[in-house]
Amino acid sequence: MAQGHLIPYLALALKIQSKFGYSVTILSTPLNIQKLQRSLPPSTSNINLVSLPYSSSDHNLPPNSENTDVLPYPLVINLLDSLHSLRPHLHKFISDLVTQNTPPLCIISDVFLGWTVEIAKEFEIFHSVFATGGAYGNGIYYSIWLNQPQLQNESEEEFILPDFPQDLRIHRSQLANNVLQATGTDSWSLFYKRELSQTLTSDGFLFNTVEAFDQVGLTYFRSKLGHDSVWAVGPVSDYSLSLKSRASSGTSSDLCTQWLDNQQEKSVLYISFGSMNTISSTQMMELAIGLEKSGKSFIWVVRPPLGYEMNEEVRSEWLPDGFEERMKAKNRGLLVRKWATQLEILSHNATSVFLSHCGWNSILESLSFGVPIIGWPISADQYNNSKLLEEEIGVCVELARGNRNEIRHEDVVRVIDLVMSNESKKGDEMRNKACEVKEMIENAIREKQGCKGSSVNGLEEFFAMALARKKKKMDH
């Protein structure tokens, strides 16, 4: 029940329906189903949206709070814990289908809904987890929450993950706040231990990733499950198609695109921390000073800093005096409130680099257009994603970690210069590598003249296994 999960689930549903012709039912809570309804392409058929009864007020949450994007961070765990209340409603839904002799071919569920595996097993239905993130990031996430190695020796700054296919060192600064504060018996620990361990009894895992650059993570899950039913099927969203449909409807010629049209090729830094994250007011100030001193052009999606309501208007005191006016006068910087057309910005030839929170959807979008990344992870698996991009793939340089640490504007200038300067060898290497990854993504989703990419094959193999399971059950 988060935007970063709902969007890939809808994309996967559309892909399954168009490619295989299956009827797909998406189940969620009433307000999330309303959101999905608005996102469905007009001509879509055979995708059914079903609301399961849910009231946030029953779970120590404000009324109408059914998605992480409307909740302050401390209440997110209440939302996650409340998902268990959907169990009897899902059970009844599946039971009714089975009674009508129309059982589903498979149940695909989120990593946070481990209890769905038990329902699938009860009715002998093939079950798969669809992880909307990458396998590497999820693997570290699983390893940390299931083993909690950070609690073994708290005086050590670094520790090794006990069950990873390679010796993977994690620094404490690469841990999200809820991991750092975990005791083993806190709400987050209890939730993750229960749900994540249950997902490992699923029949398989689908990942919104690409086999070619996520081998380490995929190997981890194949090892944890004890079998090879782990498929990379990403990116499930068709970014080029999204851009074409927006262009044909006339929605792409917005302020950002017009501004980018007046900038030189590969000269602009794009900055966004995603729909759920923000930085502190001191970090915001230092970032702004660094941007101005760097001399580089930028588009910055600005949100209120930590401690303020996300829908509050941006105040001038959070930025250097006269900052926005100076940037506008010099045509050097564009400040966008709350939301921007990210695909249009990343696909524009003026965009050089993306300063990102390293949320997985943003990463896939950026790399699909060959745009390297300056990492500033803030929560959840973003630290692990940043580690993958920098240490394993080579398309990222990290600027900062978290929204509670100090950052100096001198570091902002140094990292921007390292990546964007014409004389920078590091910047060239990152851009070249990002172009290689773009090619990997294109190859993974290619389906032309009998040539199928790894992600196309992955989804086909998944359905072949689900059908084989169904046939075996019917033969019995």
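Arg414 forms a salt bridge with Asp411, with 3.6 Å between the closest N and O atoms; the term requires a side-chain nitrogen of Lys or Arg within 4 Å of a carboxyl oxygen of Asp or Glu. Both residues belong to helix H17 (residues 409–420), and because they are three residues apart, about one helical turn separates them. Helices here are DSSP runs of H or I with at least four residues, strands are runs of E with at least two, and numbering starts at the N terminus. Arg414 has 49% relative accessibility and so counts as partly exposed. On this scale buried means under 20% relative accessible area, exposed means over 50%, and partly exposed lies in between (1.4 Å probe, protein chains only). Salt bridges that share partners also join Lys19, Glu447, Lys452 and Glu460 into one network.

The model is predicted: local features need pLDDT of at least 70 and side-chain atom pairs count only at pLDDT 80 or more, while totals for chains, interfaces and linings use all residues. Residues are numbered from 1 along each chain as its sequence is written, and side-chain values use heavy atoms, without hydrogens and water.

A search of the whole structure finds 25 salt bridges.

| Pair | Closest N to O distance |
|---|---|
| Arg414 and Asp411 | 3.6 Å |
| Arg315 and Glu312 | 2.5 Å |

Arg326 is partly exposed, at 30% relative accessibility. In the Arg315 and Glu312 pair, Arg315 is partly exposed at 32%, and Glu312 is partly exposed at 22%.

The chain as a whole contains 19 helices and 16 strands. Its radius of gyration is 22 Å, close to the 23 Å that the globule rule gives for 476 residues, so the chain is as compact as a globular protein of that length. The radius is taken over C-alpha atoms, and the rule is 2.2 Å times the number of residues to the power 0.38. The C-alpha trace spans about 70 × 55 × 45 Å along its principal axes. Of the 476 residues, 54% count as buried. Among contacts (heavy atoms within 4.5 Å) between residues at least 6 apart in sequence, 69% join residues at least 24 apart.
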